[in-house]
Amino acid sequence: LHMLSGTKRSFFAVIVFLLSTHALTVFGEEEKTIEQYINDAAPYLHHSCESAWDASGQDAEEYVAIINRFVAVVFINHDFDIQRIADAPEAEQEQLKVLFYDEIGERCAADSQKLLAGVVENSLIHAFDVMKGRSG
């Protein structure tokens, strides 16, 4: 088993904090075609949590931008109702965002070599499942 060094663990803890302060920018973007969303994500599909961090130049905002490229594709693949999310109270949107980014941080800290695209997908599904359980 691959164990993370203390430095990597603290890196992911810091990133989780930084990520949880950012909004999911996908909601505010102009309309794109499905093909454009997929093309935006494609160059990053092979990256692990750790290699995506390196590809971002170790810049938290760029790392979030890489994650958000995957978010758009996950929404498309799972046919999530974006309008329902946009219409949800701000507090619920914030809870979903925090759950999502915290889950990414936990999964990446557990194994920094996991493919980031898979981590993002599983984390988003997890966050939606938790929120659905809270709402009824």
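Buried here means under 20% relative accessible area, exposed means over 50%, and partly exposed is anything in between (1.4 Å probe, protein chains only). This is a predicted model, so local features need pLDDT of at least 70 and side-chain atom pairs count only at pLDDT 80 or more, while totals for chains, interfaces and linings use all residues. Residues are numbered from 1 along each chain as its sequence is written, and side-chain values use heavy atoms, with hydrogens and water left out.

**View A. The R69–E62 salt bridge.** R69 pairs up with E62 here, with the closest N and O atoms 3.4 Å apart. To count as a salt bridge, a side-chain nitrogen of Lys or Arg has to sit within 4 Å of a carboxyl oxygen of Asp or Glu. By that rule the count comes to 3. R69 is partly exposed, at 24% relative accessible area, and E62 is partly exposed too, at 27%.

View B. E94 and K97 come together with their closest N and O atoms 2.9 Å apart. The two are 3 residues apart in α6, so about one helical turn separates them. (Helices are DSSP runs of H or I with at least four residues, strands are runs of E with at least two, and both are numbered from the N terminus.) E94 is partly exposed at 36% relative accessibility, whereas K97 is buried at 9%.

View C. R107 is partly exposed, with 22% relative accessible area, but E103 is buried, with 12%.

**View D. The C49–C108 disulfide.** A search of the whole structure turns up 1 disulfide, meaning a pair of cysteine sulfur atoms within 2.5 Å. The bond joins C49 to C108, S to S 2.0 Å. This pair ties together distant parts of the chain, with C49 in helix α3 and C108 in helix α6, 59 residues apart. The torsion about the S-S bond is about -70°, so the disulfide is left-handed. C49 and C108 are both buried.

**View E. The largest nonpolar core.** A nonpolar core is a set of buried Ala, Val, Leu, Ile, Met, Phe, Trp, Tyr and Cys residues joined through side-chain atoms within 4.5 Å. The largest one has 30 residues, and I67, F100 and L116 touch the most other members. Elements giving two or more residues are α3 (49-55), α4 (60-78), α6 (90-110) and α7 (116-135). The largest share, 9 residues, comes from α4.
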